Amino acid sequence: MFSLDIYPDITIFNKLIHILCKNGDIQESEKLFANVLKRGSSPNLFTFNIFIQGLCRKGALVEAVKLLESVTTEGLTPDVVTYNTLIGGLCKNSTAVEAESYVRKMVNFGLEPDDYTYNTIINGYCKVGLTENANKILNEAIFKGFVPDQFTYCSLISGFCQDGDVRRAVALFNEVSRRGVKSNVVLYNTVIRGLSQNGLIMEALELMTEMSENGCSPDIWTYNLVINGLCKMGCVSDAYGLMDDAITRGYIPDIFTFNTLVDGFCKQLKLNSAIEIIERMCSHGVFPDVITYNSLLNGLCKASKFEHVMETFNTMIVKQCIPNIITYNILIESLCKTHKVKEALDLLDKMEIKGIAPDIVSFGTLINGLCDHGELDEAYNFFRKVEEHYKASHTTATYNIMINAFLRKLKIEQAGKLFHEMSVKGCLPDSYTYLVMIDGFSKAGDVDSGYNLLLEKIEKGFIPTLATFGRVINCLCVKHRVHEAVGIIHLMVQKGIVPEVVNAIFEADKKEVAAPKIVVEDLLKKSHITYYTYELLHEGVRDKKMRKKMPPSRFLRDPKKMSSSVDTSIS
């Protein structure tokens, strides 16, 4: 067009730009824009609005903001549409706080926010969990003459439910009709979803009945929400009955209905019922997808019906259902559980051929499979291959698998090296890491390292499990280091790691005497300490002399010394 010296007018140019931006081709539209500017054509406000919308769709928010600010330098005046376009883009990209600042700017610019402005910012705040901010905006808007509609209330009700404040969501829903807004199926479904997700199924069912009485018919999504809620509560048979009720009333179940039930029955290992659902869905013209098959494969794997896993996978392929990473991870788990680790490793090559990249779940399952199979060296080599060949970063979970495997074989040095390496690489040890490390030291008879690591954990702000405390206390008592074991009991009291009954003792002097005894009894009751340890501690916590000669560990005062002590024990 340009080579023929034909230049479109701004209206045609805007239409071309609009099509390019709608298709996400911002770069091409910018080239076209530059060409037109060279020819002396001037953009109008509509041109800028289109570009801002295109940039927002692309997620290029910084550029969109700059473009709005450049409107005035071109001698144009932004209008409500210009601001609304940017506000909408910011809210869709979870930056509602910044979006609100542009609402203030448009007001300062002399423009009045409209219904779209208020609904967009309210919905934006609700989606990021800032429902109180949304409610504040609503009250300000109503004061300025804004009349909330169904969309406004849907956003707020959904926000309150997301925050777990179902009572407030229901109260707002009941207020809607009093404000003259007619409740539609979307509004009802929003409340029903909130009730169902929070386990209030009876209330959700009552609301379904109420909506029919009020002349608002439920749709299949209404049923799906309650069916999903029932399945999450473990009431899968009731959910199945509700689907039958929906069919009786003329509502046709969709893929979500069937997949929810298949997944629910598979989680309960009621595989025959799950297969029955799959057969029924086909009779309704709904065919299994990758989610259906993944649920069934996972159920078969968890039920140890490994011979049926590959058979079902082959059926899936015959039915031309494309497997995804979740499918392959289930297959890898199944093969590892049947000690076919080599076949599981071979699957990685097949995945690569099909363009499916293994993830950290794939790697973790394989590392665990090799460890369980007793192939510790192969597991460690593969652990390193994950980083070198697959360029994947390990997580705390994969480090834990490898550390635990080394400790089970009492390879303390190798476990210790990984323990320190994981922190260097940004994988912070969790409670399980500390538990297995302390357990490993205890089994190896290295009481000092286990004791010091427990104190290090507390120093770093972790609260060890009762099992971890029990491991160290037992080892100390076996080595006749009762004063240090008693010290741990008092440390537990100091940190508030006590049974609930201790908190009912209000008098400080009585609590100081009673709390250690109660902690010791609780550890025995929960089988975290032996009876031999209990007898020593029972006397120890009563011994005032022992308490007086029991200064805090030097390591609690100097964490650097503590870390170096642990380093020495595993180097």
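Modeller: G470 is buried, having a relative accessible area of 0%; buried means under 20%, exposed over 50%, and partly exposed in between, using a 1.4 Å probe and protein chains only. This is a predicted model, in which local features need pLDDT of at least 70 and side-chain atom pairs count only at pLDDT 80 or more, while totals for chains, interfaces and linings use all residues. Residues are numbered from 1 along each chain as its sequence is written, and side-chain values use heavy atoms, with hydrogens and water left out.

Biologist: With which residues is G470 in contact, leaving aside its neighbours within four places in sequence?

Modeller: Contact means heavy atoms within 4.5 Å. On that basis, G470 touches H528 and I529. The C-alpha atoms of G470 and V520 are separated by 9.8 Å, although these residues lie 50 residues apart along the chain.

Biologist: Which residues have the most contacts inside the largest nonpolar core?

Modeller: In soluble globular proteins, nonpolar side chains tend to be buried together. A nonpolar core is a set of buried Ala, Val, Leu, Ile, Met, Phe, Trp, Tyr and Cys residues joined through side-chain atoms within 4.5 Å. Here the largest has 167 residues, and I403 and I473 have the most contacts inside it. Beyond its neighbours within four places in sequence, I403 is in contact with residues including A415, L418 and F419.
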